[in-house]
Amino acid sequence: MNLPNRLSIMRVIMVPIFMIAVVLPESLIPDTWSRIIGAAIFILTALTDMLDGMIARRCNMITDFGKFIDPLADKFMVFGAMLAILYKYEYIRPVFIWVALIVIFRELAITSMRLIVSSNAGVVIAAAWLGKVKTVTQILCIITILLEPVLIPDTSPLYDLHLFTWITMAAMTIMTIWSGIDYMKSYWQFIDPTK
């Protein structure tokens, strides 16, 4: 159990803690503190995602378990955050539910495709730059949803618009679809529908 794998496991453990911090009712924790604590945990979780891969590559600590747990922890992190946001914040729910479905569908489709291509063709699908940009937009969107109401004063005309939330949500959706199509186009040749 090397350091990168420990960081990935820590990321999995932090997901339910993050979710609890976000979904607790205001009678137990004020909304502002819920958002700040949730964002802090999520940022720390996202940093472990960046660190574990960097350490594994630099120190030659890449393991089969790491190849399994790292992407799984990433999915847990994003899916858990989206579920908590959908549960707690009604003002974005009518749009965010569709955004979350697009993200979840894309992640599951590409993960399934990676498994099939890897087992059938022996090709390991590396993360493309579009996939990395997609991950950054997902992280930025979640942090923006949590912190925008905290950072913009309630006296500002921007407060009720949630402008940055909508912008990052749009960016995340575009990058999710674009990167998904890019992966499909690049690796569809390795999928044999007759098998």
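His162 is buried, because its relative accessible area is 12% and the cut-off for buried is under 20%. Keep in mind throughout that this is a predicted model. Where does His162 lie? His162 sits in the loop between α5 and α6. The backbone at His162 also deserves a look, as its phi is positive, about 55 degrees, although His162 is not a glycine. For background, most residues other than glycine have a negative phi.

There is another positive phi to look at. Just after α2, Asn60 takes a positive phi of about 55 degrees.

**Helix α2**

Now go back along the chain to α2 itself. How many residues does helix α2 have? Helix α2 covers residues 31-58, which makes 28 residues. From its first C-alpha to its last, α2 reaches 40 Å, close to the 40 Å expected at 1.5 Å a residue.

Thr48 lies in α2. Is Thr48 buried or exposed? With a relative accessible area of 3%, Thr48 is buried, since buried means under 20%.

As a general point, side chains of opposite charge can pair when their charged atoms come close. How many salt bridges does the structure hold? The structure holds 9 salt bridges, and I will show you some of them.

Start with Arg11. The side chain of Arg11 meets the side chain of Asp70 in a salt bridge, at 2.6 Å from N to O. Arg11 belongs to helix α1 and Asp70 to helix α3, residues 64-88, so this pair ties together parts that are 59 residues apart in sequence. Arg11 is buried, with a relative accessible area of 0%. Asp70 is partly exposed, at 21%.

Arg11 also meets Asp74 in a salt bridge, at 2.7 Å from N to O. Here too the link runs from helix α1 to helix α3, so the pair ties together parts that are 63 residues apart in sequence. In this pair, Arg11 is buried, and so is Asp74.

Glu107 is buried, at 3% relative accessible area. Lys134 counts as buried as well, at 6%.

To return to Arg11 for a moment: salt bridges that share partners join Arg11, Asp49, Asp52, Asp70 and Asp74 into one network.

**Phe105, also in α4**

While we are at α4, find Phe105, which lies in that helix. Phe105 counts as exposed, because its relative accessibility is 62% and exposed means over 50%. Between the C-alpha atoms of Phe105 and Ile116 there are 16 Å in space, and the two residues are 11 apart in sequence.

**The cavity**

Next, empty space. Rolling a probe the size of a water molecule over the atoms shows where empty space is left. How many cavities of 30 Å³ or more does the structure hold? The structure holds 1. The largest cavity has about 30 Å³ of space.

The lining of the largest cavity is made up of Met14, Val15, Phe18, Phe42, Thr45 and Met77. Two or more lining residues come from each of α1, residues 3-23, and α2. Of these, α1 gives the most, with 3 residues.

**The nonpolar patch**

Last, the surface. Which residues make the nonpolar surface patch of about 420 Å²? They are Leu158, Leu161, Leu163, Phe164 and Ile167. Leu163 lies in helix α6, residues 163-187. At 36% relative accessibility, Leu163 counts as partly exposed, because that value falls between the 20% and 50% cut-offs.

Notes. Residues numbered from 1 in each chain as written. Predicted model: local features only at pLDDT ≥ 70, side-chain atom pairs only at ≥ 80, totals over all residues. Heavy atoms only, no water. Helix = DSSP H or I, 4+ residues; strand = E, 2+ residues; numbered from the N terminus. Expected span 1.5 Å × (residues − 1). Patch = residues over 30% accessible without salt bridge, like charges linked within 9 Å, V, L, I, M, F, W, Y side chains within 5 Å. Areas by Shrake-Rupley, 256 points an atom, 1.4 Å probe, with all protein chains shown as cover. Salt bridge = Lys/Arg side-chain N within 4 Å of Asp/Glu carboxyl O. Buried < 20%, exposed > 50% of the residue type's maximum accessible area, 1.4 Å probe, protein only. 1 Å grid on protein atoms, 1.4 Å probe; cavity = no way out; pocket = protein on both sides within 12 Å on 5 of 7 lines; lining within 4 Å. Points joined across faces, edges and corners; volume = space filled by probe spheres on them.
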